Amino acid sequence: MMPNAPVLPDGVNLEILLQHLRRLSWGAADILLAYARGEQPPHGFSKALSVEDGGEGPVSAADLAVNRWLLDGLEANFPLADWTLLSEETAKEQLTAGEPLAAEWLWILDPLDGTKDFLQGTGEYAVHLALVRGQRPVLGVVLLPEAEELWFGVIGSGAWCEDRRGKRSPVRFSQRQAVCELMLVASRNHRDNRLEQLLESLALGGSKAVGSVGCKVTTILRGETDLYVSLSGRSAPKDWDMAAPEAVLMAAGGCFTHADGRQLAYNSGDVRQAGCLIASHGLAHAQLCEAAARAMKEIDPGFQV
């Protein structure tokens, strides 16, 4: 058992849970890689038909297959565990606006984060899976199929990356601390004028465009970049976009908050993660938040960060 292992539902052992998550995650990777290449997927899932043929496109087929694989796997391996399973694919049936799910323990799954990147063939897509308790993550998994990286974060115990052989690599945050030297990881597909103004105001050292929130956060964990900024309102990332990447980053000792310092809250009755959210390696997080909040008052007065 790990030191400072988190409290888990009765009857759930952390090491056994991690063993099952490894197997299920690499199975999900094989499914996504097959769909991305137009090949026959494993584990009994059918090959994607084109929309023109009257079937599901590769993204829909991949989403649904990974969703089923992971949810069925958790249910089969932990039939007595006192947790609820929520995914992007099941949210419409499970959720009522304004009402949190009545669950102390909640798995939040995004079976395919980075749909446009999946279609564009950039390889920058991910699977997100997080275990949440009391609106805060306890454990997170971020799987990068193309990079063959499986990131785990256990709050209070640490974060690490594994390859298929189980070889671990540690988190390697950069030591860049001056704001003018920090490297931003930005979205390739979701940018607007307000964000451009905010980034100009922060006067960072440079930027790198990457798809999927999970892929973005792992660039921070590898030390390639130092921060990620999400700026949104009515149209915003959802719980399943943020929960697993936040869990891994927080477990590693990084920070992921609103610009006013508030923590992100999951299963709150509103799945949108709206506002000005900043994820970073932590070395200049307070300074970044203060600068962003100050800039947003000028850029968009009244905007709730």
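Colleague: Which strand does Asp-110 lie in?

Modeller: Asp-110 belongs to strand S2, residues 105–113. Strands (E, at least two residues) and helices (H or I, at least four) are DSSP runs numbered from the N terminus. This is a predicted model, in which local features need pLDDT of at least 70 and side-chain atom pairs count only at pLDDT 80 or more, while totals for chains, interfaces and linings use all residues. Residues are numbered from 1 along each chain as its sequence is written, and side-chain values use heavy atoms, with hydrogens and water left out.

Colleague: Which residues does UniProt list for "binding site"?

Modeller: The unreviewed UniProt entry lists Glu-88, Asp-110, Leu-112, Asp-113 and Asp-241 under that name. They span 154 residues in sequence, yet no two of their C-alpha atoms are more than 9.8 Å apart, so they gather at one spot. Such annotations may be inferred rather than shown by experiment.

Colleague: Let us turn to helix packing. At what angle do H6 and H7 pack?

Modeller: The angle between H6 (residues 213–221) and H7 (residues 239–251) is about 15°, and their axes are 9 Å apart. Axes are lines fitted to C-alpha atoms, for helices over the stretch in contact, and angles run from 0 to 180 degrees between N-to-C directions. H6 and H7 are therefore roughly parallel to each other, a term for angles under 35 degrees.

Colleague: Which residues meet there?

Modeller: From H6, Val-213, Gly-214, Val-217, Ile-220 and Leu-221 meet Asp-241, Met-242, Pro-245, Val-248 and Leu-249 of H7; contact means heavy atoms within 4.5 Å. By class, this contact of H6 with H7 comprises 8 nonpolar, 1 polar and 1 charged residues. Ala, Val, Leu, Ile, Met, Phe, Trp, Tyr, Cys and Pro count as nonpolar, Asp, Glu, Lys and Arg as charged, and the others, Gly among them, as polar.

Colleague: And how do H5 and H8 pack?

Modeller: H5 (residues 193–202) and H8 (residues 285–299) pack at about 130°, with axes 10 Å apart. That makes H5 oblique to H8, the class left once angles under 35, over 145 and from 65 to 115 degrees are set aside. Arg-194, Gln-197, Leu-198, Ser-201 and Leu-202 of H5 make the contact with H8 residues including Ala-291 and Met-296.

Colleague: Another topic: what does His-20 touch?

Modeller: His-20, in helix H1 (residues 14–36), touches Asn-77 and Phe-78, not counting residues up to four places away in sequence. His-20 and Ala-291 are 42 Å apart in space, C-alpha to C-alpha, and 271 residues apart in sequence.
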